[in-house]
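This report describes how the parts of one protein chain are arranged and how they pack together. The sequence and structure are shown first.

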Amino acid sequence: MEITKILVTGSAGLMGIQVVKDLLDNHKQVYSCYNKTKPKLGIITHLDLTKKDDIVNTMNRIKPDVVIHLGAMTDVELCETETELAKKINTDATEILALESEKHNTFFVYMSTDYVFDGKVGMKKENDEPNPINFYGKSKLDGERVFKKITTPNIIVRTSTPFGIHSKKISFPIWVKKNLELEKEISVIVDQYTSPSYVPNISKMIIEIIERKITGIIHLAGATKISRYDFAVQISKIINANKQFLKLTKMDQMDWKAQRPADSSLSVSKANKILKNKPEKIEDSLKSLFNQ
Ligand SMILES: NC(=O)c1ccc[n+]([C@@H]2O[C@H](COP(=O)([O-])OP(=O)(O)OC[C@H]3O[C@@H](n4cnc5c(N)ncnc54)[C@H](OP(=O)(O)O)[C@@H]3O)[C@@H](O)[C@H]2O)c1
């Protein structure tokens with residue numbers, strides 16, 4: 001089936017901006033959905049994910065061939081205290097969108113997270129058992145569970161610590177670079193591991209998935225498992241800054257309401273095996289980020 005209409009939720013978010021931009025290279029009808037932050041590209045479409053009627057009416061009007069559902073309440077701390085709203089946005093809206101997609105025979109891409117895992121052991125594979133330790137992870141996992149009921153083609157994509165360029169959301173490497181250049185000391189966690197994911201790399205893989213209609217569950221993340229501290233050291237090397245301004249801290253020194261997984265790195269062996277676009281190593285992603 002040819003892809004004509006693509007609806008993207010969270011289209012002004014960190015990931016959404018890049019995905020919409022890349023989709024527009026080959027597709028004309030990209031519906032950029034937003035609630036508060038108006039996107040600049042695509043067919044700009046207001047859609048409040050907390051309103052069932054809004055979702056149903058938008059899906060009935062557009063009848064997209066593909067939905068890429070990136071919209072979410074991503075603030076882990078806020079999800080821990082505003083659980084009702086987090087459930088509404090991350091779980092209930094996903095269910096409504098997925099059921100509407102089934103009605104219209106729409107291919108569905110659900111963006112999930114490494115935080116569905118407890119982080120006791122890293123490099124998790126697609127079929128490993130999730131066990132979230134905070135409400136954000138739980139609300140996203142409950143979103144994943146919706147797809148057990150859906151009979152039309154769909155895929156659950158899990159990513160980890162996305163980074164890239166965004167006007168409001170300052171990614172970790174940008175924050176580190178800015179502070180090191182100002183010779184300002186920053187505290188960086190040494191005992192938390194993730195698979196940092198460069199947004200343009202993830203976007204290419206998502207687009208390949210919709211073009212090839214790959215279904216199931218897939219981890220789309222960077223190819224390098226790394227601690228926050230080592231990530232910052234890599235950044236310092238690439239920008240030729242002095243790493244003496246990086247101060248070690250530990251997870252148990254953080255004043256967090258929500259628990260974080262200590263190692264939420266993701267195995268990307270499946271993506272490596274089946275995709276033409278491969279997960280990038282951290283050095284390559286950082287070089288692209290800072291050379292752009
Ligand atoms: N950020 C991470 O560390 C991380 C890690 C793993 C997985 N993920 C997943 O990856 C996806 C994209 O993440 P991201 O980093 O691009 O997130 P982001 O920058 O926080 O963007 C999230 C988007 O969701 C939209 N949204 C929130 N509430 C909404 C509502 N009620 N109605 C409509 N839209 C709403 C926001 O739009 P408005 O501003 O218009 O409300 C925003 O553009 C999410 O599904 C997230 O769970 C993120």
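Two residues are in contact if their C-beta atoms, placed from the backbone, lie within 7 Å. By this criterion, in this predicted model, 22 residues of domain 1 are in contact with 16 residues of domain 2. On the side of domain 1 that touches domain 2, the elements giving two or more residues are α3 (76-81) and α5 (135-145). The most comes from α3, with five residues. The centres of domain 1 and domain 2, taken over C-alpha atoms, are separated by 26 Å.

The domain assignment of the protein chain is as follows.

| Domain | Residues |
|---|---|
| Domain 1 | 5-163 + 197-222 + 266-274 |
| Domain 2 | 172-193 + 225-264 + 281-291 |

The largest nonpolar core holds 74 residues, of which Val8, Ile68, Val109, Val157 and Ile206 touch the most other members. Helix α7 (residues 199-212) gives the most to this core, contributing seven residues. Because domain 1 and domain 2 both give residues to this core, it lies between them. Leaving aside neighbours within four places in sequence, Val157 is in contact with Val109, Tyr110, Met111, Ser112, Ile206, Ile218 and Leu220.

A helix pair may also be described. Helix α2 (residues 52-62) and helix α4 (residues 83-103) pack at an angle of about 25 degrees, and their axes are 10 Å apart. Since angles under 35 degrees count as roughly parallel, α2 is roughly parallel to α4. The crossing of α2 and α4 is right-handed. Lys52, Ile55, Val56 and Met59 of α2 meet Ala93, Ile96, Leu97 and Glu100 of α4.

Methods
Residues are numbered from 1 along each chain as its sequence is written. This is a predicted model: local features need pLDDT of at least 70, side-chain atom pairs count only at pLDDT 80 or more; totals for chains, interfaces and linings use all residues. A nonpolar core is a set of buried Ala, Val, Leu, Ile, Met, Phe, Trp, Tyr and Cys residues joined through C-beta atoms within 7 Å. A residue is buried if 20 or more other C-beta atoms lie within 10 Å of its own, exposed if 12 or fewer, and partly exposed in between; C-beta atoms are placed from the backbone. Helices (H or I, at least four residues) and strands (E, at least two) are DSSP runs, numbered from the N terminus. Domain bounds come from an automatic or database domain assignment. Axes are lines fitted to C-alpha atoms, for helices over the stretch in contact, and angles run from 0 to 180 degrees between N-to-C directions. Angles under 35 degrees count as roughly parallel, over 145 as roughly antiparallel, 65 to 115 as roughly perpendicular and the rest as oblique. A crossing is left-handed if the near helix is turned anticlockwise from the far one by less than a right angle, and right-handed if clockwise.
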